[in-house]
Amino acid sequence: MELEDLVAQIDEPTPRGIATTISMLIRTGEIAPGTRLPTVRSIGAALGVSPATVSHAWQGLLDAGLVQVRGRAGTTVLEPATPWLTDRSHVLASRAPGDAASPVRLDLAAGIPDPLLLPDLRESLARVAPAHATISSYLQPPMLPELEPVLRARWPYAAPALTVVDGAMDGVQRALAAVTRFGDRVVVESPGFPLIFDLLTQMNLMAVPAPVDREGIPPEGLRSALASRPAAVILTPRAHNPTGASMSRARAGHLAEVLQMHRDGRDTVVIEDDHAGAVSASAAVSLGTHLPQRTIHVLGFSKSHGPDLRIAALSGPAGAVEQIVARRVLGPGWTSRVMQAVLRDMLVDREQLRTVAGARHEYYVRQRQLAAALAEHGVVVPVADGLNAWIPAHDEVDAQVRLAAHGIRVSRGSAFTPAGRDGALPEGLVPHVRVSIGPLREAIDEVAAVLARATSGR
(Lines give C-alpha, C1' and ligand atoms only; values in the text may rest on other atoms or scores of the structure.)
Protein backbone atom coordinates (compact mmCIF):
# COMPACT_ATOMS: atom_id res chain seq x y z
CA MET A 1 0.00 0.00 0.00
CA GLU A 2 1.37 3.39 -0.99
CA LEU A 3 2.05 6.05 1.63
CA GLU A 4 -0.73 8.33 0.35
CA ASP A 5 -3.31 5.51 0.43
CA LEU A 6 -2.28 4.48 3.94
CA VAL A 7 -2.34 8.00 5.36
CA ALA A 8 -5.74 8.68 3.76
CA GLN A 9 -7.29 5.95 5.94
CA ILE A 10 -5.96 7.32 9.24
CA ASP A 11 -8.70 9.51 10.70
CA GLU A 12 -7.09 10.09 14.10
CA PRO A 13 -3.36 11.05 13.95
CA THR A 14 -2.60 9.83 17.50
CA PRO A 15 -0.61 6.72 18.52
CA ARG A 16 -3.85 4.88 19.17
CA GLY A 17 -5.52 6.06 15.97
CA ILE A 18 -2.52 5.19 13.77
CA ALA A 19 -2.01 1.78 15.37
CA THR A 20 -5.73 0.95 15.23
CA THR A 21 -6.01 1.81 11.53
CA ILE A 22 -2.92 -0.12 10.47
CA SER A 23 -3.91 -3.06 12.67
CA MET A 24 -7.31 -3.17 10.99
CA LEU A 25 -5.73 -3.06 7.53
CA ILE A 26 -3.38 -5.91 8.44
CA ARG A 27 -6.12 -8.05 9.94
CA THR A 28 -8.40 -7.54 6.92
CA GLY A 29 -5.60 -8.42 4.50
CA GLU A 30 -5.41 -4.98 2.85
CA ILE A 31 -1.80 -4.90 4.05
CA ALA A 32 -0.35 -8.33 3.36
CA PRO A 33 2.26 -10.25 5.40
CA GLY A 34 5.75 -9.33 4.24
CA THR A 35 4.78 -5.77 3.32
CA ARG A 36 7.38 -3.18 4.27
CA LEU A 37 5.65 -0.25 5.94
CA PRO A 38 6.61 3.37 5.21
CA THR A 39 9.16 4.93 7.54
CA VAL A 40 8.21 6.61 10.79
CA ARG A 41 9.42 9.95 9.49
CA SER A 42 7.51 9.74 6.21
CA ILE A 43 4.23 8.88 7.92
CA GLY A 44 4.81 11.58 10.53
CA ALA A 45 5.45 14.16 7.85
CA ALA A 46 2.38 13.13 5.84
CA LEU A 47 0.15 13.29 8.93
CA GLY A 48 1.73 16.42 10.34
CA VAL A 49 2.77 14.77 13.60
CA SER A 50 6.12 14.08 15.23
CA PRO A 51 8.09 10.87 14.55
CA ALA A 52 7.70 10.06 18.26
CA THR A 53 3.92 9.88 17.81
CA VAL A 54 4.29 7.35 15.00
CA SER A 55 6.95 5.44 16.99
CA HIS A 56 4.45 4.89 19.81
CA ALA A 57 1.97 3.53 17.27
CA TRP A 58 4.68 1.25 15.85
CA GLN A 59 5.36 -0.02 19.35
CA GLY A 60 1.71 -0.98 19.71
CA LEU A 61 1.87 -2.94 16.44
CA LEU A 62 5.07 -4.62 17.62
CA ASP A 63 3.45 -5.57 20.93
CA ALA A 64 0.47 -7.05 19.13
CA GLY A 65 2.78 -9.30 17.09
CA LEU A 66 1.74 -7.68 13.83
CA VAL A 67 5.09 -6.30 12.69
CA GLN A 68 8.82 -6.76 13.17
CA VAL A 69 11.51 -4.07 13.20
CA ARG A 70 14.80 -4.84 11.46
CA GLY A 71 16.78 -1.64 11.84
CA ARG A 72 17.72 -0.26 8.42
CA ALA A 73 15.69 -3.01 6.76
CA GLY A 74 12.59 -1.24 8.06
CA THR A 75 9.34 -2.46 9.56
CA THR A 76 7.56 -5.38 7.92
CA VAL A 77 4.22 -7.07 8.51
CA LEU A 78 4.43 -10.52 10.09
CA GLU A 79 2.49 -13.68 9.50
CA PRO A 80 0.31 -14.30 12.59
CA ALA A 81 2.56 -16.69 14.55
CA THR A 82 0.33 -17.09 17.59
CA PRO A 83 -3.24 -16.32 16.56
CA TRP A 84 -4.55 -17.83 19.80
CA LEU A 85 -2.97 -15.02 21.84
CA THR A 86 -5.21 -12.07 22.64
CA ASP A 87 -4.08 -8.48 22.07
CA ARG A 88 -2.66 -7.92 25.53
CA SER A 89 -1.18 -11.42 25.66
CA HIS A 90 0.99 -10.30 22.75
CA VAL A 91 2.00 -7.25 24.76
CA LEU A 92 2.99 -9.33 27.78
CA ALA A 93 4.93 -11.77 25.58
CA SER A 94 6.67 -9.10 23.50
CA ARG A 95 10.26 -7.95 23.81
CA ALA A 96 11.66 -4.47 23.65
CA PRO A 97 11.66 -2.91 20.18
CA GLY A 98 14.61 -4.03 18.08
CA ASP A 99 15.58 -6.65 20.67
CA ALA A 100 14.35 -9.85 19.03
CA ALA A 101 17.82 -11.39 18.92
CA SER A 102 19.12 -10.33 22.35
CA PRO A 103 19.55 -13.09 24.93
CA VAL A 104 17.32 -12.90 28.00
CA ARG A 105 19.16 -13.79 31.19
CA LEU A 106 16.43 -12.66 33.59
CA ASP A 107 12.77 -12.68 32.57
CA LEU A 108 10.95 -10.41 35.00
CA ALA A 109 7.98 -9.98 32.66
CA ALA A 110 6.37 -13.42 32.79
CA GLY A 111 4.53 -13.06 36.12
CA ILE A 112 4.90 -16.74 37.00
CA PRO A 113 5.81 -18.21 40.40
CA ASP A 114 9.32 -19.47 41.11
CA PRO A 115 9.28 -23.18 40.10
CA LEU A 116 11.72 -23.93 42.92
CA LEU A 117 9.17 -22.72 45.48
CA LEU A 118 6.25 -24.85 44.27
CA PRO A 119 5.21 -28.06 46.05
CA ASP A 120 6.10 -31.37 44.41
CA LEU A 121 2.88 -32.72 42.86
CA ARG A 122 4.30 -36.21 42.47
CA GLU A 123 3.97 -37.18 46.12
CA SER A 124 0.34 -36.13 46.34
CA LEU A 125 -0.44 -37.69 42.96
CA ALA A 126 1.06 -41.00 44.02
CA ARG A 127 -1.07 -40.99 47.18
CA VAL A 128 -4.44 -40.17 45.58
CA ALA A 129 -4.27 -41.54 42.02
CA PRO A 130 -5.16 -45.20 42.81
CA ALA A 131 -8.44 -44.18 44.45
CA HIS A 132 -9.44 -41.97 41.50
CA ALA A 133 -8.13 -43.94 38.55
CA THR A 134 -11.60 -44.78 37.24
CA ILE A 135 -14.86 -42.90 36.92
CA SER A 136 -18.16 -44.63 37.55
CA SER A 137 -20.48 -41.95 36.13
CA TYR A 138 -20.45 -38.76 34.11
CA LEU A 139 -23.07 -37.39 36.48
CA GLN A 140 -21.08 -37.44 39.71
CA PRO A 141 -20.99 -34.17 41.68
CA PRO A 142 -18.59 -31.71 40.03
CA MET A 143 -16.67 -31.14 43.27
CA LEU A 144 -15.21 -33.90 45.43
CA PRO A 145 -17.26 -33.96 48.65
CA GLU A 146 -14.08 -34.30 50.74
CA LEU A 147 -12.58 -31.15 49.16
CA GLU A 148 -15.41 -28.81 50.14
CA PRO A 149 -14.82 -28.71 53.93
CA VAL A 150 -11.09 -28.13 53.34
CA LEU A 151 -11.90 -25.15 51.12
CA ARG A 152 -14.49 -23.75 53.51
CA ALA A 153 -11.97 -23.85 56.34
CA ARG A 154 -9.81 -21.31 54.51
CA TRP A 155 -12.62 -19.24 52.93
CA PRO A 156 -12.80 -15.57 53.99
CA TYR A 157 -16.55 -15.68 54.69
CA ALA A 158 -19.43 -18.12 55.06
CA ALA A 159 -20.01 -18.86 51.38
CA PRO A 160 -23.56 -19.79 50.34
CA ALA A 161 -22.27 -22.24 47.69
CA LEU A 162 -18.93 -23.54 46.39
CA THR A 163 -17.61 -25.22 43.25
CA VAL A 164 -14.29 -25.69 41.45
CA VAL A 165 -13.24 -24.35 38.03
CA ASP A 166 -10.20 -24.54 35.77
CA GLY A 167 -8.13 -21.67 37.13
CA ALA A 168 -8.81 -18.15 38.35
CA MET A 169 -9.39 -16.63 34.90
CA ASP A 170 -11.84 -19.43 34.09
CA GLY A 171 -13.67 -18.53 37.29
CA VAL A 172 -13.81 -14.82 36.41
CA GLN A 173 -15.04 -15.59 32.88
CA ARG A 174 -17.77 -17.91 34.14
CA ALA A 175 -18.84 -15.44 36.79
CA LEU A 176 -19.14 -12.69 34.17
CA ALA A 177 -21.13 -14.99 31.89
CA ALA A 178 -23.54 -15.71 34.73
CA VAL A 179 -24.23 -12.10 35.75
CA THR A 180 -23.82 -9.93 32.63
CA ARG A 181 -25.47 -9.46 29.26
CA PHE A 182 -24.26 -8.11 25.91
CA GLY A 183 -23.09 -4.51 26.25
CA ASP A 184 -23.14 -4.36 30.05
CA ARG A 185 -20.62 -2.18 31.84
CA VAL A 186 -18.09 -3.71 34.23
CA VAL A 187 -15.95 -1.71 36.66
CA VAL A 188 -12.29 -2.75 36.50
CA GLU A 189 -9.13 -1.70 38.28
CA SER A 190 -6.83 0.64 36.37
CA PRO A 191 -4.08 -0.39 36.36
CA GLY A 192 -5.24 -3.98 36.35
CA PHE A 193 -4.63 -7.40 34.84
CA PRO A 194 -4.44 -7.08 31.02
CA LEU A 195 -6.24 -10.33 30.25
CA ILE A 196 -9.29 -9.11 32.18
CA PHE A 197 -9.57 -6.26 29.67
CA ASP A 198 -9.24 -8.66 26.73
CA LEU A 199 -11.86 -10.92 28.29
CA LEU A 200 -14.35 -8.05 28.53
CA THR A 201 -13.71 -7.15 24.90
CA GLN A 202 -14.31 -10.72 23.72
CA MET A 203 -17.50 -10.93 25.80
CA ASN A 204 -18.77 -7.62 24.34
CA LEU A 205 -18.70 -5.93 27.73
CA MET A 206 -17.59 -2.34 28.39
CA ALA A 207 -14.76 -1.68 30.85
CA VAL A 208 -15.27 1.21 33.27
CA PRO A 209 -11.85 1.99 34.78
CA ALA A 210 -11.49 2.88 38.45
CA PRO A 211 -8.23 4.04 40.04
CA VAL A 212 -6.19 1.94 42.47
CA ASP A 213 -4.38 3.00 45.63
CA ARG A 214 -2.45 0.96 48.21
CA GLU A 215 -5.64 -0.90 49.17
CA GLY A 216 -7.19 -1.33 45.74
CA ILE A 217 -10.11 0.74 44.47
CA PRO A 218 -10.85 3.59 46.92
CA PRO A 219 -14.47 4.22 47.95
CA GLU A 220 -14.66 7.50 46.03
CA GLY A 221 -13.32 5.78 42.90
CA LEU A 222 -15.96 3.07 43.14
CA ARG A 223 -18.66 5.66 43.84
CA SER A 224 -17.72 7.55 40.69
CA ALA A 225 -17.61 4.38 38.56
CA LEU A 226 -21.05 3.28 39.78
CA ALA A 227 -22.57 6.27 37.98
CA SER A 228 -22.20 4.19 34.80
CA ARG A 229 -24.70 1.69 36.28
CA PRO A 230 -22.41 -1.36 35.93
CA ALA A 231 -23.63 -4.94 36.12
CA ALA A 232 -20.45 -6.03 37.93
CA VAL A 233 -17.23 -4.84 39.50
CA ILE A 234 -14.07 -6.95 39.40
CA LEU A 235 -11.81 -6.54 42.43
CA THR A 236 -8.47 -8.04 43.46
CA PRO A 237 -8.67 -8.41 47.26
CA ARG A 238 -4.92 -9.01 47.72
CA ALA A 239 -1.61 -9.05 45.82
CA HIS A 240 -3.10 -6.88 43.08
CA ASN A 241 -1.50 -7.36 39.68
CA PRO A 242 0.45 -5.19 38.87
CA THR A 243 0.76 -2.90 41.92
CA GLY A 244 0.92 -5.47 44.73
CA ALA A 245 -1.81 -3.67 46.69
CA SER A 246 -3.92 -5.60 49.21
CA MET A 247 -7.28 -4.67 50.64
CA SER A 248 -7.82 -4.22 54.37
CA ARG A 249 -10.94 -5.40 56.15
CA ALA A 250 -11.86 -1.77 56.74
CA ARG A 251 -11.58 -0.99 53.02
CA ALA A 252 -13.74 -4.01 52.17
CA GLY A 253 -16.39 -2.71 54.57
CA HIS A 254 -16.29 0.78 53.05
CA LEU A 255 -16.66 -0.57 49.50
CA ALA A 256 -19.57 -2.75 50.58
CA GLU A 257 -21.22 0.31 52.12
CA VAL A 258 -20.80 2.25 48.87
CA LEU A 259 -22.45 -0.58 46.93
CA GLN A 260 -25.31 -0.76 49.41
CA MET A 261 -25.97 2.98 49.52
CA HIS A 262 -25.33 4.10 45.92
CA ARG A 263 -28.54 4.17 43.91
CA ASP A 264 -26.75 2.74 40.86
CA GLY A 265 -24.83 0.07 42.81
CA ARG A 266 -27.55 -1.85 44.60
CA ASP A 267 -27.72 -4.54 41.92
CA THR A 268 -24.03 -4.59 41.02
CA VAL A 269 -22.38 -7.99 41.50
CA VAL A 270 -18.89 -8.15 43.01
CA ILE A 271 -16.44 -10.57 41.37
CA GLU A 272 -13.27 -11.06 43.42
CA ASP A 273 -10.14 -12.43 41.78
CA ASP A 274 -7.96 -13.76 44.61
CA HIS A 275 -5.40 -15.11 42.14
CA ALA A 276 -2.38 -15.08 44.49
CA GLY A 277 -4.12 -17.06 47.19
CA ALA A 278 -1.82 -18.69 49.70
CA VAL A 279 1.37 -16.91 48.58
CA SER A 280 -0.06 -13.52 49.50
CA ALA A 281 1.37 -12.13 52.72
CA SER A 282 -1.99 -10.50 53.51
CA ALA A 283 -4.97 -12.07 55.21
CA ALA A 284 -7.85 -13.22 53.02
CA VAL A 285 -10.50 -10.50 52.72
CA SER A 286 -13.83 -10.45 50.89
CA LEU A 287 -16.80 -8.17 50.40
CA GLY A 288 -18.76 -11.39 50.79
CA THR A 289 -18.51 -10.82 54.53
CA HIS A 290 -20.97 -7.95 54.02
CA LEU A 291 -22.65 -8.86 50.70
CA PRO A 292 -22.72 -12.68 50.49
CA GLN A 293 -25.70 -12.75 48.14
CA ARG A 294 -24.02 -10.71 45.44
CA THR A 295 -20.34 -11.57 45.81
CA ILE A 296 -18.59 -14.20 43.69
CA HIS A 297 -15.18 -14.98 45.16
CA VAL A 298 -12.57 -16.83 43.07
CA LEU A 299 -9.57 -18.34 44.90
CA GLY A 300 -6.69 -19.45 42.68
CA PHE A 301 -4.10 -22.12 43.42
CA SER A 302 -1.81 -21.67 40.40
CA LYS A 303 0.60 -19.25 42.11
CA SER A 304 0.80 -21.29 45.30
CA HIS A 305 0.54 -24.91 44.17
CA GLY A 306 1.39 -24.94 40.47
CA PRO A 307 0.10 -23.31 37.25
CA ASP A 308 -0.53 -26.68 35.61
CA LEU A 309 -2.98 -27.77 38.30
CA ARG A 310 -5.50 -25.49 36.52
CA ILE A 311 -7.73 -25.33 39.58
CA ALA A 312 -9.48 -22.50 41.36
CA ALA A 313 -12.38 -22.56 43.78
CA LEU A 314 -15.41 -20.30 43.35
CA SER A 315 -18.10 -19.25 45.80
CA GLY A 316 -21.22 -17.20 45.39
CA PRO A 317 -25.00 -17.11 45.74
CA ALA A 318 -26.49 -20.57 45.21
CA GLY A 319 -28.32 -19.53 42.04
CA ALA A 320 -25.21 -18.13 40.38
CA VAL A 321 -23.06 -21.13 41.34
CA GLU A 322 -25.73 -23.55 40.09
CA GLN A 323 -25.85 -21.68 36.79
CA ILE A 324 -22.06 -21.90 36.44
CA VAL A 325 -22.10 -25.63 37.23
CA ALA A 326 -24.93 -26.24 34.75
CA ARG A 327 -23.09 -24.45 31.93
CA ARG A 328 -19.95 -26.46 32.62
CA VAL A 329 -21.94 -29.67 32.26
CA LEU A 330 -22.41 -28.71 28.61
CA GLY A 331 -18.70 -28.02 28.15
CA PRO A 332 -15.82 -29.50 30.14
CA GLY A 333 -18.28 -31.19 32.51
CA TRP A 334 -16.08 -30.97 35.59
CA THR A 335 -12.57 -30.22 36.76
CA SER A 336 -10.48 -33.41 36.89
CA ARG A 337 -11.33 -35.23 40.11
CA VAL A 338 -7.80 -36.60 40.18
CA MET A 339 -6.46 -33.04 40.31
CA GLN A 340 -9.09 -32.11 42.88
CA ALA A 341 -7.89 -34.98 45.04
CA VAL A 342 -4.29 -33.85 44.55
CA LEU A 343 -5.24 -30.34 45.64
CA ARG A 344 -7.03 -31.60 48.72
CA ASP A 345 -4.01 -33.69 49.67
CA MET A 346 -1.74 -30.67 49.27
CA LEU A 347 -4.05 -28.52 51.41
CA VAL A 348 -3.90 -30.93 54.36
CA ASP A 349 -0.43 -32.51 54.11
CA ARG A 350 1.96 -30.94 56.61
CA GLU A 351 5.00 -31.06 54.36
CA GLN A 352 3.13 -29.45 51.47
CA LEU A 353 1.74 -26.80 53.81
CA ARG A 354 5.28 -26.01 54.98
CA THR A 355 6.43 -25.69 51.36
CA VAL A 356 3.68 -23.17 50.54
CA ALA A 357 4.36 -21.24 53.75
CA GLY A 358 8.04 -21.14 52.83
CA ALA A 359 7.20 -19.75 49.39
CA ARG A 360 4.97 -17.08 50.91
CA HIS A 361 7.79 -16.01 53.24
CA GLU A 362 10.35 -16.01 50.42
CA TYR A 363 8.23 -13.73 48.23
CA TYR A 364 7.65 -11.50 51.27
CA VAL A 365 11.42 -11.22 51.77
CA ARG A 366 12.18 -10.64 48.08
CA GLN A 367 9.66 -7.80 47.89
CA ARG A 368 11.26 -6.06 50.84
CA GLN A 369 14.79 -6.62 49.58
CA LEU A 370 13.87 -5.20 46.18
CA ALA A 371 12.12 -2.14 47.67
CA ALA A 372 15.07 -1.47 49.99
CA ALA A 373 17.62 -1.89 47.19
CA LEU A 374 15.68 0.45 44.89
CA ALA A 375 15.49 3.04 47.68
CA GLU A 376 19.29 2.91 47.95
CA HIS A 377 19.38 4.11 44.34
CA GLY A 378 16.80 6.83 44.81
CA VAL A 379 13.70 4.96 43.61
CA VAL A 380 11.07 4.82 46.34
CA VAL A 381 8.24 2.32 45.85
CA PRO A 382 5.75 0.91 48.35
CA VAL A 383 6.52 -2.64 49.45
CA ALA A 384 4.29 -4.86 47.32
CA ASP A 385 2.42 -8.05 48.18
CA GLY A 386 2.57 -11.12 45.93
CA LEU A 387 4.65 -11.68 42.83
CA ASN A 388 4.85 -8.24 41.20
CA ALA A 389 6.37 -4.82 41.82
CA TRP A 390 5.19 -1.58 40.17
CA ILE A 391 8.03 0.82 39.44
CA PRO A 392 7.57 4.35 38.05
CA ALA A 393 9.54 5.14 34.89
CA HIS A 394 10.36 8.33 33.03
CA ASP A 395 9.57 6.53 29.76
CA GLU A 396 8.28 2.95 29.55
CA VAL A 397 9.69 2.07 26.14
CA ASP A 398 13.08 3.59 26.90
CA ALA A 399 13.25 1.74 30.22
CA GLN A 400 12.36 -1.53 28.54
CA VAL A 401 15.03 -1.04 25.88
CA ARG A 402 17.69 -0.13 28.45
CA LEU A 403 16.86 -3.20 30.53
CA ALA A 404 16.87 -5.43 27.45
CA ALA A 405 20.45 -4.32 26.83
CA HIS A 406 21.28 -5.94 30.19
CA GLY A 407 19.33 -9.11 29.31
CA ILE A 408 16.42 -8.20 31.58
CA ARG A 409 12.79 -8.33 30.43
CA VAL A 410 10.02 -6.33 32.11
CA SER A 411 6.46 -5.40 31.15
CA ARG A 412 5.43 -1.86 30.27
CA GLY A 413 2.79 -0.35 32.50
CA SER A 414 0.58 0.93 29.68
CA ALA A 415 -0.44 -2.67 28.94
CA PHE A 416 -2.10 -2.78 32.37
CA THR A 417 -4.65 -0.09 31.55
CA PRO A 418 -7.92 -0.67 29.66
CA ALA A 419 -6.77 1.62 26.83
CA GLY A 420 -3.18 0.40 26.76
CA ARG A 421 -3.10 -1.96 23.76
CA ASP A 422 -1.29 0.46 21.48
CA GLY A 423 1.34 1.59 23.96
CA ALA A 424 -0.36 4.92 24.67
CA LEU A 425 -0.81 5.79 28.34
CA PRO A 426 -4.17 7.28 29.37
CA GLU A 427 -3.97 10.91 30.41
CA GLY A 428 -3.06 11.45 34.04
CA LEU A 429 -1.37 8.09 34.61
CA VAL A 430 2.34 7.97 35.42
CA PRO A 431 4.48 5.63 33.26
CA HIS A 432 5.54 2.43 35.02
CA VAL A 433 7.11 -0.94 34.41
CA ARG A 434 5.93 -4.14 36.06
CA VAL A 435 8.61 -6.38 37.53
CA SER A 436 7.80 -9.97 38.50
CA ILE A 437 9.85 -11.34 41.37
CA GLY A 438 9.36 -15.05 40.65
CA PRO A 439 12.80 -15.42 38.99
CA LEU A 440 14.48 -12.90 41.32
CA ARG A 441 16.38 -15.38 43.51
CA GLU A 442 19.75 -13.64 43.81
CA ALA A 443 21.73 -10.50 43.01
CA ILE A 444 18.75 -8.34 43.96
CA ASP A 445 20.99 -5.36 44.71
CA GLU A 446 22.59 -5.60 41.26
CA VAL A 447 19.24 -5.94 39.50
CA ALA A 448 17.81 -3.02 41.50
CA ALA A 449 20.71 -0.81 40.40
CA VAL A 450 20.00 -1.61 36.75
CA LEU A 451 16.25 -1.08 37.25
CA ALA A 452 16.86 2.29 38.92
CA ARG A 453 19.12 3.55 36.13
CA ALA A 454 16.77 2.35 33.39
CA THR A 455 13.55 3.70 34.91
CA SER A 456 15.04 7.07 35.88
CA GLY A 457 16.67 7.58 32.45
CA ARG A 458 20.10 8.12 33.95
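Author: One term to start with: two strands pair if DSSP finds at least two bridges between them. Also, this is a predicted model.

Reader: Fine. How do β4 and strand β10 pair, and over how many bridges?
Author: They run antiparallel, with five bridges linking β4 to β10 (residues 312-316).

Reader: Which residue is the bridge partner of Val-164 in β10?
Author: Val-164 is bridged to Ala-313.

Reader: What is the strand order in the sheet?
Author: The order is β4-β10-β9-β8-β7-β5-β6, seven strands in an open sheet with mixed pairing.

Reader: And which are the edge strands?
Author: β4 (161-165) and β6 (206-211), each of which pairs on one side only. On average, neighbouring strands in this sheet are turned by 20 degrees against each other, direction ignored.

Reader: Which strands does α9 touch?
Author: α9 packs on the sheet against β5 (185-190), β6 and β7 (232-235). The direction of α9 makes about 165 degrees with that of β5.

Reader: What does helix α13 lie across?
Author: Helix α13 (residues 318-329) lies across β4, β9 (295-300) and β10, at about 30 degrees to β4.

Reader: Switching to helices. At what angle do α8 and α9 cross?
Author: Roughly 35 degrees, and the axes of α8 (residues 168-179) and α9 (residues 194-202) come within 11 Å. The crossing is right-handed.

Reader: Which residues make the contact?
Author: From α8, Met-169, Val-172, Gln-173 and Leu-176; from α9, Leu-195, Ile-196, Leu-199 and Leu-200.

Reader: How many of those are nonpolar, polar or charged?
Author: Seven are nonpolar, one is polar and none is charged.

Note on methods
Residues are numbered from 1 along each chain as its sequence is written. This is a predicted model: local features need pLDDT of at least 70, side-chain atom pairs count only at pLDDT 80 or more; totals for chains, interfaces and linings use all residues. Side-chain values use heavy atoms; hydrogens and water are left out. Axes are lines fitted to C-alpha atoms, for helices over the stretch in contact, and angles run from 0 to 180 degrees between N-to-C directions. Helices (H or I, at least four residues) and strands (E, at least two) are DSSP runs, numbered from the N terminus. A crossing is left-handed if the near helix is turned anticlockwise from the far one by less than a right angle, and right-handed if clockwise. Contact means heavy atoms within 4.5 Å. Ala, Val, Leu, Ile, Met, Phe, Trp, Tyr, Cys and Pro count as nonpolar, Asp, Glu, Lys and Arg as charged, and the others, Gly among them, as polar.
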